Amino acid sequence: MKQVLIPTDFSENAWNAIEYALSLFEKEACTFYILNTYTPAITSSRFMAASMEGGLLNNAAHRFSEDGLKTILERIEKEHPNNKHGFKIISSFNLLTDKILETISDFKIDLVITGTKGASGIEEVFMGSNTVRIIKSVKDCPVLVIPQNFTYQKPTEIAFATDFNRFYTLSELQPLLEMAKAFGAVVRIVNVQYEIKKLTELQLFNLSMLRKYLKDVEHYVHTVSELNSVSKTLELFSEELGIHLLAMLNYQHSYMERLTREPIVKRMAFHTQNPLLVIPELSMTFSNKATKSEGAISFTG
């Protein structure tokens, strides 16, 4: 049974991520962990009355969190009944990323799904700050980011962005392979280049291995010229080819690492129109574990 963690702040875009998750795994047995964290303001006064007031604030925040989670469960039961799905709610006085990492460890979470508000106002940003922190922090399982107002579509067109400069292990690519096979998806390997040129021997080798891993999946290789930024180029590529999901591995100097560096994030014009599957660079221990447990991350269409 798959273990899926979904953080929520009770906003509509967080609910949208929940609906996407329920649709994505409609036919698969899953336990969904719905998480809300809260950090009430701590009073700086040394007087007893202020301390009592602080305690009341803490209790009120806890009640608000628990009531909100119960309301979500009621809404799921009413709008998305499914006897294959089980739910556990977690209300925690904690920092969001700290609690996410703790929950992943405690419950052997296979996938984190989170919503994001994306670009807003005059200053366009890559993704919300909480989403960026989650992507940077989570190392033991993939993170699936659902953009605001995105309506679920079966992911039959998946883009995998890479520069071919790194050798990917089969274990690292497992989430991408499992999703592609489950939904009969076409995988479009996209390489963004500032100036189009021949691949090096190393890049050609990494591409050949990638194609070997994808031998049972229909796939194509696309080399595109960079337009203003990698993010904008990927956005336009996704629009032109009708991509339903964009996947990237997150490692040092990767596209994903470049996109989530704070100084760059603030200047991005990437609206994350499609869901984004961020696959972490696996440590040797986790990689071996994934290899031994085939199908640990599975998707059933």
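In β9, F160 finds its bridge partner in A247. The two strands involved, β6 (residues 157–161) and β9 (residues 245–250), pair in the parallel sense over 3 bridges; two strands pair here if DSSP finds at least two bridges between them. Helices (H or I, at least four residues) and strands (E, at least two) are DSSP runs, numbered from the N terminus.

A word on the source: this is a predicted model, in which local features need pLDDT of at least 70 and side-chain atom pairs count only at pLDDT 80 or more, while totals for chains, interfaces and linings use all residues. Residues are numbered from 1 along each chain as its sequence is written, and side-chain values use heavy atoms, with hydrogens and water left out.

Now step back to the sheet. Its 10 strands form an open sheet of mixed pairing, in the order β3-β2-β1-β4-β5-β10-β9-β6-β7-β8. The edges are taken by β3 (85–93) and β8 (219–225), each with a single partner strand, so one side of each is left without a neighbour in the sheet. From one strand to the next, the twist averages 25 degrees. Helix α5 (residues 170–183) packs on this sheet and touches β6, β7, β9 and β10, its direction making about 165 degrees with that of β6. Such angles run from 0 to 180 degrees between N-to-C directions, with axes as lines fitted to C-alpha atoms, for helices over the stretch in contact.

Here are some elements to find in your viewer:

| Element | Residues |
|---|---|
| Helix α1 | 12–24 |
| Helix α5 | 170–183 |
| Helix α7 | 230–241 |

What does F160 touch beyond residues up to four places away in sequence? Its contacts (heavy atoms within 4.5 Å) include Y168, L173, V187, L210 and M248. F160 is also one of the residues with the most contacts inside the largest nonpolar core, which has 45 residues. Helix α1 gives the largest share of this core, 7 residues. Apart from it lies another core, of 27 residues, with V190 and M248 among them. A nonpolar core is a set of buried Ala, Val, Leu, Ile, Met, Phe, Trp, Tyr and Cys residues joined through side-chain atoms within 4.5 Å.

Leaving aside neighbours within four places in sequence, N16 is in contact with I146, P147, Q148, N149 and F150.

Methods
The expected span of a helix is 1.5 Å times one less than its number of residues. Buried means under 20% relative accessible area, exposed over 50%, partly exposed in between (1.4 Å probe, protein chains only).
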